[in-house]
Amino acid sequence: MPKKNENPTPETKPADAFDVAAMSAELNAAKETIRLLERRQKIDALLAQSDTIDLHAARLLTEAAVQEMDEPDLKLAIDDLRRHKPYLFRQREPGPAAMPARSTRPVPQRAADLAAQRAIQTGNRLDLMKYLRARRQS
């Protein structure tokens, strides 16, 4: 009677052992893919909140910065990107606090001055023509 191998070689291992190892490797790869996709989704959400102009370029630069960090911090990486590459983000428009103060010039009394102010404010051609007529008459 032939002796059975005490230490099975890969050819003699049971099929179930290969399936478990393959499934375990596949599961680990799937978990890593999910982790990367979730991180990408968080990066996209933060970049969208930051008014990014070029989402793809900003995402690539952010992912590269996060990979270099010891402790990944997405918000810090995006803030750093905004500081070093501001052209990737829309410039925030100044709010009402940044509006210029009203002019302290005296209110114009002449008809030509009033017409000029109206033409400047409206930008309308008819108002411009009224101003030109008033200026010619004065």
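Okay, let's begin with the nonpolar surface patch: Leu128, Met129 and Leu132 make one of about 230 Å². For a patch, I take residues with over 30% relative accessible area and no salt bridge, joining like charges within 9 Å and nonpolar side chains (Val, Leu, Ile, Met, Phe, Trp, Tyr) within 5 Å. The areas are Shrake-Rupley with a 1.4 Å probe, and for residues only the protein chains shown count as cover. Leu132 sits in helix α5, residues 125–137. Helices here are DSSP runs (H or I, at least four residues; strands are E, at least two), numbered from the N terminus. Leu132 is partly exposed, at 31% relative accessible area. My cut-offs there: buried is under 20%, exposed is over 50%, partly exposed is in between, with a 1.4 Å probe and protein chains only.

Before I go on, the caveats. This is a predicted model, so local features need pLDDT of at least 70 and side-chain atom pairs count only at pLDDT 80 or more, while totals for chains, interfaces and linings use all residues. Residues are numbered from 1 along each chain as its sequence is written, and side-chain values use heavy atoms, with hydrogens and water left out.

Now helix α3, residues 74–84. Which of its residues are buried? Leu74, Ala77, Ile78 and Leu81. They cover an arc of only 95° around the axis, so they sit on the same side of α3. That arc is taken from the directions from the helix axis to the C-beta atoms.

And what does Thr62 touch? Leaving out residues up to four places away in sequence, Thr62 touches Ile43, Leu47, Ala77, Ile78 and Leu81; contact means heavy atoms within 4.5 Å. Thr62 itself lies in helix α2 and is buried, with a relative accessible area of 1%.

Back at the start of α3, a side-chain oxygen of Asp73 comes within 3.4 Å of the backbone nitrogen of Lys75. The polar contact rule is a pair of N or O atoms within 3.5 Å; within protein, one must be able to donate a hydrogen and the other to accept it, and residues adjacent in sequence count only if both atoms are side-chain atoms.

Lys75 also forms a salt bridge with Asp79, with the closest N and O atoms 3.9 Å apart. For a salt bridge I want a side-chain nitrogen of Lys or Arg within 4 Å of a carboxyl oxygen of Asp or Glu. Lys75 and Asp79 are 4 residues apart in α3, so about one helical turn separates them. Lys75 is partly exposed at 46%, and Asp79 is partly exposed at 31%.

Arg83 is exposed at 58%, whereas Asp80 is partly exposed at 32%.

How many salt bridges does a search of the whole structure find? It finds 5. One more example: Arg35 and Glu32 meet at 2.6 Å, N to O. Both lie in helix α1, 3 residues apart, about one turn. An α-helix has 3.6 residues a turn, so residues three or four places apart point the same way.

Asp51 has a positive phi of about 60° although it is not a glycine. Most residues other than glycine have a negative phi. Asp51 sits in the loop between α1 (15–49) and α2 (55–68), and is partly exposed at 31%.
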